[in-house]
Amino acid sequence: MAHLFQVDRVKLLCSCGVLKPITAIYLCRHCLKLRCGNCVSHEVDTLFCPNCLENLPSTEARLKRNRCGSCFDCPSCSHTLVTRATSVQTTAPDDPSKTSSRKVYYLTCTRCRWTSRDVGLKDQTVASGGWGEQDNEHYRFLQFLMEHYRALAQAEKLEREKKRSSHRKSTYLSLSDKYSLPSLLGRKSLTPLSPYSPKGDASQISEMIPLEASSEVEGLPDDIFTEEVILSSVTNMEQRMASPEFQPETVTELYPLRKHILPKRSLRCRHCEHNLSKPEYNPSSIKFKIQLGAFYHVPEVRLVKSIVLKAGVENGVQISLCNPTPHDITLALLPFVPEAYLQAQQKEECSEGGLVTQGGLVRVVDIPRETSDLKLTGDVALPQGQVILAARDDTAEYDDHDAASAYKDDPQVVAWRRANKVGMNLLVTPHSDTTRVKIGLVLRYDYTNTVATATEARIVTLNVPIMIDVGPVSE
Amino acid sequence: MPFYESISGIGLKNEKNITIVLDFGAAYTKAGFAGEYGPRVITKSEVKCRETGKMVPVFNYKGEDELRHHLVDFIHKLYFRSLLVNPKDRRVVVVEDLLGSSLVRDTIASVLFRHYEVLSVSFVPSYLVAVMTLGCSTALVLDLGHNEARIVPVYEEVPILNAWQALPLGAHSVHSSLSELLLDRAMTICEGGEEQRLSAVMDELPDKILEDITVRTCFASTVERSNRLQNNKYDRSIEPPPPPPSIQYPLSGSHIMTIPGTVREMAAEVLFEQDRDNLCIPTMILNAIISCPVDTRKALAENLLFIGGLAELKGLKHRILAEVRALVTTPAYSTLLPSISFKLHTPPAKDNYVSWLGGAILGATEAVVIRSVSREQYLSRGCVPDWCNLFYNTRDERDQKTL
Ligand SMILES: Nc1ncnc2c1ncn2[C@@H]1O[C@H](COP(=O)(O)OP(=O)(O)OP(=O)(O)O)[C@@H](O)[C@H]1O
Ligand SMILES: [Mg+2]
Ligand SMILES: [Zn+2]
Ligand SMILES: [Zn+2]
Ligand SMILES: [Zn+2]
Ligand SMILES: [Zn+2]
C-alpha cells in the first residue's frame with residue numbers, strides 16, 4: 001500500500017488487453033493507443049558495462065562475448081573483483097645478490113575474500129587486460145566438426161537446387177526425410193561427385209575424425225569412501241553455471257569471470273514503428289531522448305485515502321486526477337462496461353485484419369490478445385459533467401493564489417482543486433458476496449497531440465479504461 | 001508453395017545475423033549462438049509469475065495462456081540479459097525433445113514469431129543433434145534430464161522412434177529419494193548445541209537445497225557396494241560396507257545438518273531399483289536395443305551416449321555401464337542379445353549442453369536455412385510442421401505438384 005503510485009490499486013487497460021499501472025504503460029502518439037511492455041517491440045539500443053560504464057559497440061561486444069574487457073566478477077560469489085597491486089622482490093638472473101622490486105597485480109573479492117592467488121593464477125605485471133581467456137579443450141575437434149558439417153550442408157543444398165531445377169519426380173519418400181533432418185551424413189558419398197562441390201572441401205572433410213566410444217569409463221575416485229569432504233571446496237550450481245562452457249567442480253578451478261555487459265533498451269510501437277522510448281547514448285545518463293510514458297500523457301488517477309467499504313450501501317470514495325501535460329485538459333468520467341468493451345475490441349480486430357491483407361505492404365504481426373480479469377465487484381455512481389484540469393505548471397506551486405475561483409466548478413463534480421489536480425467524489429456500492437471491491441471507469445479526455453507530423457486534429461479525444469481496486473469490504 | 005524453403009538474401013555467414021540456438025529444459029535452459037562451442041548462458045528455467053511475483057518454473061503451467069506468459073517473459077530475459085541482440089529478423093534454432101508436448105512446441109513457435117518476430121525457426125531433434133557432436137551417425141542416446149530419463153536410438157542419422165523409452169528417473173527422482181533419506185536419518189545441531197532429528201525441525205527440504213546437496217556431495221556407488229547395502233536391508237547378519245564420511249551441511253536459521261555417508265551413497269540408487277514393471281535405467285537401455293532392428297543392435301550398443309545434467313553425477317556413467325553389462329548376462333536378455341559389448345562415448349562438451357552444442361553446429365550450416373519455417377510461412381499457416389503430421393511429411397510429392 002505504501003507505493004507512491006499505488007501500482008496495484010489503479011490500473012489502466014492497455015490496448016493489448018493487459019492491465020498495468022500507469023508507470024508501466026506508454027501512449028503511442030501516432031496510433032493514439034495505450035501500449036505496454038507486452039505489446040511493443042523491444043530493441044537493444046546500446047551496450048555498456050555496468051561497472052566501468054564504458055560503451056561497447058555491438059561488433060566489439062560480440063567479439064568479447066558480451067563481456068567487459070577490464071572488469072571482473074568473483075567466480076565464487078559474483079561480486080565485482082578489485083585489482084590489488086603489491087610489489088615483489090625478484091633477484092636478477094645474472095647476479096643473485098642483486099634484488100629489485102617489481103609491481104604485480106592480482107584480483108581479489110572484497111566480499112568473500114576470494115583472490116586469484118588462491119587458485120594458483122599467476123600475478124599480472126600490467127594493471128588491466130592481462131588476464132587471458134580459458135580455452136575449450138575440444139576447440140580443435142569442434143572446429144573441424146563445424147567445417148565438416150558446413151561443407152556437407154552446402155553440398156546438400158546444391159544437390160537440392162539441382163534436383164528442383166531438373167523437375168525430376170521423386171518416386172519414393174525418403175525415410176530419413178520423414179523422421180529426421182534428411183541425412184547429412186548419409187549423403188556423404190555424394191559430396192565428391194557433386195560438380196558444384198567447393199574446392200578444398202574434401203580435405204576439410206577428411207580432417208574430421210569421429211570420436212571413438214570406449215569400453216572403459218572413469219569410475220569413482222578411490223578415496224571417495226574414506227576421504228572427508230570439505231563442503232566449501234566443492235562448487236555449487238551457480239558457480240558452475242556462471243561459466244557454462246567449463247562448469248568447474250572444485251573451487252580450485254574457479255577462474256575470474258569477465259563482467260557481463262548490459263543493454264539499454266528502446267521500445268517501438270509494433271503498429272506504426274515509432275519509438276515509444278529511447279534512452280540517451282551515454283551509459284551514465286538516466287535520461288531519455290524519447291519517453292512516451294503514459295505518466296506524461298495521461299491524467300493520473302489516485303485514491304485519495306484508503307478506506308474500508310461497508311457492504312450493501314453507497315460509500316463515498318474520493319479520487320484525485322492530475323494533469324501531467326502543459327495543456328489544459330477537459331475530461332469526463334464514463335462508466336466502463338467490460339462486455340461492451342470486449343465486443344468492440346473484437347470488431348476492431350476483424351477490420352484491422354482486413355486492412356492488413358489489402359495493403360500488404362507493412363504487415364503488422366499481431367500478438368495474441370490477452371484476457372485480463374475485468375470482473376467488476378462494485379457499482380459506481382460517477383459525477384456527471386466535464387471538468388477542466390489545469391495545465392501542469394511547475395511554478396504554480398509557489399503561487400498562493402486560489403486557483404479554484406478561476407474555474408466555475410460544479411461542487412457536485414469537483415470536491416477540491418489545487419494547481420493541476422482535482423479531487424472528485426465517487427459513490428461505490430459493493431456487490432453482495434464480495435470481499436474486495438473493484439470498480440471500472442473510462443477516462444475520456446482531450447489530449448493535445450504535439451507530434452509535428454500528426455495528420456489528425458491536434459486535439460483528440462481519448463478513452464482510457466481504468467480499473468480501481470477500491471479496497472476491502474467489511475460486513 | 002513448398003513449406004520448407006531456403007530464404008536467400010540473408011546469408012548465414014553474415015555476422016550481424018548469427019542464428020540463436022535455444023535448448024529449453026525443465027530445469028535449465030541453454031542459450032547461445034550458432035557456430036560457438038558453448039552456450040552463452042545456462043540458466044534456471046524460471047520466471048517471475050505475473051500474478052504473484054514469485055519465481056516459478058517456466059514449464060509449470062495451468063493453461064496455454066500461462067505458458068505463453070511464462071515463455072514471453074523468459075525469452076525476453078534470455079535476449080535482453082544474456083544474448084543482447086535484437087530478436088527481430090534473426091533465425092532461431094530450437095533444440096526440441098521428440099517426445100515433448102506439442103503444446104509447448106506450438107507455444108514456443110507462436111511466441112518467437114509473434115512476440116519476437118524472428119526471421120525463422122527450426123526445431124531440431126535433440127537426440128539427433130547430440131549424435132552430431134561426436135562426428136558419427138549412430139548412437140544410442142540416453143538423456144538423463146530433470147524429470148525423466150529418455151532414450152532414443154539414432155541409427156545412420158535416423159532416430160528410431162519406435163524404440164524410445166522413458167521413465168520418471170531424472171534428477172528430480174534423485175532429489176526426492178534424497179529428501180526421504182535425509183528426513184529419515186539425518187540429524188541437526190541447533191544453535192544451543194543440542195542434537196535433534198531433521199524431521200523434528202522441518203518436514204520438507206526446499207528443492208534448491210536438495211539439488212545443492214546432490215550436486216556437491218552425492219555419488220553413484222559401485223555395484224558391489226550397492227549389492228551389499230541391499231542385502232543388509234533384508235539380512236542384518238550381512239555386514240554393510242563401511243559408510244563414506246558424513247558431511248556437516250549448514251541449513252538456514254543456524255541449524256547444521258549432518259548428512260550421513262550412507263545417504264550420500266544411496267540417494268542415486270533409485271535409478272537402479274527396478275520398479276513394479278521391473279524397469280530401471282539399465283533395463284531401459286537393453287529394452288531400447290531389443291526394440292531396434294537386429295542388424296543395428298551391435299552398432300548401437302557399441303555407441304552409447306549419455307547426456308543431460310544428471311550424467312555429471314560422480315560415478316553414474318560407470319555404474320550404468322557396469323549394471324548393463326551384468327544385466328545382459330541374465331537369462332532375460334542373454335538369448336536376445338548374445339555376445340554383445342558396450343562402449344560409451346565422451347562428448348566434446350559438458351553433459352548438460354551436448355544437445356545445445358549439436359544445435360549450434362547444425363545452426364551454423366545451410367541445413368538450418370533449408371529446414372526452417374519462415375515468419376511468412378508461419379503466419380499464413382498459423383502452425384509449425386510436426387514430424388508426425390503427414391501433411392508435412394509428404395513434402396517431396398507436393399513440391400512436384402506445385403512446380
Ligand atoms: N555440471 C553439473 N554438475 C552436477 N549436476 C548437474 C550439472 N548440470 C546439471 N546438473 C543436474 O542435472 C539436472 C538436469 O539438468 P539438465 O540441464 O539436463 O536438465 P534439463 O535439460 O532442464 O531437463 P530435461 O531435459 O528433462 O528438460 C539438474 O537438475 C542439475 O541438478
Ligand atoms: Mg535437457
Ligand atoms: Zn499492451
Ligand atoms: Zn567494465
Ligand atoms: Zn567473492
Ligand atoms: Zn503506434
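1. Four donors count as tetrahedral if all angles lie between 85 and 135 degrees, and donors are N, O and S atoms within 2.8 Å of the metal (3.2 Å for Na, K and Ca). By this criterion the site of the zinc ion (ligand 6) is tetrahedral, with angles of 99 to 118 degrees among its four donor atoms. For reference, the ideal angle for four tetrahedral donors is 109.5 degrees.

2. On provenance, this is a predicted model in which local features need pLDDT of at least 70 and side-chain atom pairs count only at pLDDT 80 or more, while totals for chains, interfaces and linings use all residues. Residues are numbered from 1 along each chain as its sequence is written, chains are lettered from A and ligands numbered from 1 in the order in which they are written, and side-chain values use heavy atoms, with hydrogens and water left out.

3. The zinc ion (ligand 6) is coordinated at 2.2 to 2.3 Å by the SG atoms of A:Cys28, A:Cys31, A:Cys269 and A:Cys272. The sequence spacing of these donor residues is C-x2-C-x237-C-x2-C.

4. Ligand 1 lies between chains A and B.

5. Two polar contacts (N or O atoms within 3.5 Å) may be noted. A polar side-chain atom of B:Glu211 lies 2.7 Å from an oxygen atom of ligand 1, and a backbone N or O atom of B:His146 lies 2.9 Å from an oxygen atom of ligand 1.

How values were computed. A residue is near a molecule or strand if one of its heavy atoms lies within 4 Å of it. A polar contact is a pair of N or O atoms within 3.5 Å; within protein, one must be able to donate a hydrogen and the other to accept it, and residues adjacent in sequence count only if both atoms are side-chain atoms. Four donors count as tetrahedral if all angles lie between 85 and 135 degrees; four count as square planar and six as octahedral if opposite donors are over 155 degrees apart and all others between 65 and 115; anything else is irregular.
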